[in-house]
Amino acid sequence: MFKRRRFPVDIILVCVRWYCKYGISYRDLAEMMQERGVDVDPSTIMRRVHRYAPELEKRVRWYQGYRATSWRVDETYVKVGGHWKYLFRAVDKHGWLIDFMLMDRRNTRAAHRFLGKALTAMRHWPPSSITTDQLGSYPKAISRLQREGRLSSDTKHRTCKYLNNIIEADHGALKRVIRPTRGFQTMKTAAATMKGFEVMRMIRRGHCLTCKPHVKDEVRFVNKLFDIFVIAA
């Protein structure tokens, strides 16, 4: 998947990691790479992020591991093409990410689709309780999933506001990374970039199997995912 690329694989992965991890603009990252002797255009970094961030997220999923069965579900806003879109997110009671999905609307269909995706990702650890806000779409989506047999009828749905403080605080930390982008142009590029943001936050916090929350371990882990064996300095 790295054939016919101008830059070596390790340089590409460094650009993708740094952009998705530190909340900087493509132009600033291009200048940082120039200081390291790599002359790369901001648009080139952007294309690499759009191409490899989803692949990084896909490979990290194999190392996501166990999550607690008490879920916190909420949505936040992301500007795409000058309009506000909705990023659905779910974490467990410890704040470990379960899943996320960028959607056009915040209705029952969107909630059903997102919760179905999260249940598929956590099929070995189904939730015993799901805590949401007062949005009316969630109880309808949960009831529909229970009728379909995808969610246990014993699963409790709660709307206790203070229990969702952990995901509300996590929204703020995520938005600090999103802010330098100044919005996205299309849903496709926004979804691809958001995958990079979310997965790098998982890696940075040590929320993946075999990866510890240390810079050198993060580098080794990402390189291992792509079968690139480079010793971090």
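The exercises below concern a predicted model.

**Exercise 1.** Find where helix α3 bends, and state what covers its buried residues.

Solution. Start with the extent of the helix: α3 covers residues 42–60, which is 19 residues. From first C-alpha to last it reaches 26 Å, close to the 27 Å expected at 1.5 Å a residue. Next, look along the axis: α3 bends by about 30° at Y52, and the proline P54 follows within four residues. Then check burial: the buried residues of α3 include I45, V49, Y52 and L56. Finally, turn to the cover, which includes α1, α2, β3, α7 and α8.

**Exercise 2.** Describe how strand β3 is placed and how β2 joins it.

Solution. Begin with burial: 7 of the 7 residues of β3 are buried, so this strand is largely enclosed by the rest of the structure. Now the pairing: 6 bridges join β2 to β3, and the two strands run antiparallel. Within this pairing, L87 stands opposite L102 in β3. Last, the turn: the hairpin has 4 residues between the strands, and G95 takes a positive phi near 90°.

**Exercise 3.** Classify the ring pair of Y63 and F221, and decide whether each residue is buried or partly exposed.

Solution. A search of the whole structure finds 8 aromatic pairs. For Y63 and F221 the centres are 5.3 Å apart and the planes stand at 85°; angles over 60 degrees count as edge-to-face, so this pair is edge-to-face. Y63 is in the loop between α3 and β1, F221 in helix α8, 158 residues apart. Compare the accessibilities with the 20% cut-off for buried: Y63, at 23%, is partly exposed, whereas F221, at 4%, is buried.

How values were computed:
Residues are numbered from 1 along each chain as its sequence is written. This is a predicted model: local features need pLDDT of at least 70, side-chain atom pairs count only at pLDDT 80 or more; totals for chains, interfaces and linings use all residues. Side-chain values use heavy atoms; hydrogens and water are left out. The expected span of a helix is 1.5 Å times one less than its number of residues. The bend at a residue is the angle between axes fitted to the seven residues ending there and the seven starting there. Buried means under 20% relative accessible area, exposed over 50%, partly exposed in between (1.4 Å probe, protein chains only). Contact means heavy atoms within 4.5 Å. Two strands pair if DSSP finds at least two bridges between them. Rings of Phe, Tyr and Trp (its six-membered ring) pair if their centres lie within 6.5 Å; planes under 30 degrees apart count as stacked, over 60 as edge-to-face and the rest as tilted.
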